[in-house]
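Hi,

Here is the structure I promised to pass on. Please open it alongside this email; my notes follow below.

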Amino acid sequence: MVKIVFIKIFFRAILCYFCLFLISCSDAEEPKRKATPAKPKFTLVKTPQVNPDSVFYFVQKQVDFGPRTPNSMAHEKCADWMVEKLKSYNFKTIEQKGKQLAYDGKELAYRNIIGRFGLNKKKRIMLSAHWDTRPWADQDVERRDEPIDGANDAGSGVAVILEVARLLNQESPNIGVDVVLFDIEDYGKSNETFCYGSQIWSKDTRLDSLLPIYGINLDMVGDPNALFLYEGYSQEYARPVLDKVWTIAKHMGYSRYFKVIPDGQIIDDHYYVNQAGIPCIDIIHRDPQNGSFANSWHTHNDNMDNISAKTLKSVTDVVMQTIYRED
Ligand SMILES: [Zn+2]
């Protein structure tokens, strides 16, 4: 039996060799074609429609409270309003309150606001932004001791998140979404004295066992000429998320804002989200020419005149598409 098998294999081998010979001969006569692997088509999924007027209004509303500097009435009123908004969109809200000693010896009463949507969903992502505003215009040439409006820094990030929250409530995505609005980000002087809210939160996320699989932090996302680059810590901790979000932006026609340009590391709230074990990127306006931020950054020009509904809509579109693509 062994022999027969051997002969059969022998004949099969000869047959195969002959076939291969024929194929290679016929190949030789064909004009050479370059093999181009077919690219998988990128199709956008349907999401509830972002309303640019609505996102813009969410910035205006925050600015109308006045500068949201810690320990001020405007700060308190704005926090109440954000909590009410999230509740009205069916988010379960949790507040992390306390007092933090600032670098200048002042005690800052803080409120981190956590909102959770679709609590029955195991797969979750997180959106974050800081909501407090800088008490000084230290990058300005005049009235440097007076607080800024903070329309872009931090009104814009909060506005994008509230618009997403409004739309999630219209049509639930496949995944759950956690929102964290960080307080006392912008009261700092040196790296360690910024982002107190997210530093505190990173040690006690209040998200129990259902940790989000990744996070997107939004900071200064409303300037008419916004540019978002591949920030350093985002590259280090969450490169696949950066690639995912920037690819979506490209396919939505927003490469004007979202540039695949490597950038330096920035200590922003996303750094501490990463420390909490959630890979998180930072969508933050950068100026590659001067290595700084938006022109209006920490000046009195950070007002509604430098907020673009078009930019706000583009960023919200990208975040919405990212959420609704997940299954
Ligand atoms: Zn700032």
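Contact, as used here, means heavy atoms within 4.5 Å. Keep in mind that this is a predicted model.

Start with Ile323. Leaving aside its neighbours within four places in sequence, Ile323 is in contact with Ile125, Leu127, Val164, Leu168, Pro173, Ile175 and Val177. Ile323 also belongs to the largest nonpolar core, which has 61 residues. Within that core, Phe258, Ile283 and Ile323 touch the most other members. Helix α4 supplies the largest share, 10 residues. There is also a second, separate core of 11 residues; Met126, Val180, Phe182 and Leu207 are among them. As background, nonpolar side chains tend to be buried together in soluble globular proteins.

Next, α4 itself. The helix covers residues 151–168. Its 18 residues should span 26 Å at 1.5 Å a residue, and the end C-alpha atoms are 24 Å apart, which agrees. How many of the residues of α4 are buried? The count is 18 of the 18, so the helix is largely enclosed by the rest of the structure.

Now the metal. Which residues coordinate the zinc ion? They are Asp153 (OD), Asp186 (OD) and His298 (NE2), at 1.9 to 2.4 Å. The donor spacing in sequence is D-x32-D-x111-H. Asp153 lies in helix α4, while His298 sits in the loop between β8 (280–284) and α8 (309–325), so this pair ties together parts that are 145 residues apart in sequence. Asp153 and His298 are both buried.

On to strand β8. Here 5 of the 5 residues are buried, so β8 is largely enclosed by the rest of the structure. Cys280, Asp282 and Ile284 point one way from the strand. Ile281 and Ile283 point the other way. Strand β5 (residues 214–219) runs parallel to β8, and 5 bridges join them.

Last, the cysteines. The structure holds 0 disulfides. Are Cys78 and Cys195 buried or exposed? Buried means under 20% relative accessible area. Cys78 has a relative accessible area of 0%, so Cys78 is buried. Cys195 is also at 0% relative accessibility and therefore counts as buried.

Best wishes

How values were computed:
Residues are numbered from 1 along each chain as its sequence is written. This is a predicted model: local features need pLDDT of at least 70, side-chain atom pairs count only at pLDDT 80 or more; totals for chains, interfaces and linings use all residues. Side-chain values use heavy atoms; hydrogens and water are left out. Helices (H or I, at least four residues) and strands (E, at least two) are DSSP runs, numbered from the N terminus. The expected span of a helix is 1.5 Å times one less than its number of residues. Buried means under 20% relative accessible area, exposed over 50%, partly exposed in between (1.4 Å probe, protein chains only). Donors are N, O and S atoms within 2.8 Å of the metal (3.2 Å for Na, K and Ca); water is not among the atoms, so sites may look incomplete. A nonpolar core is a set of buried Ala, Val, Leu, Ile, Met, Phe, Trp, Tyr and Cys residues joined through side-chain atoms within 4.5 Å. Two strands pair if DSSP finds at least two bridges between them. A disulfide is a pair of cysteine sulfur atoms within 2.5 Å.
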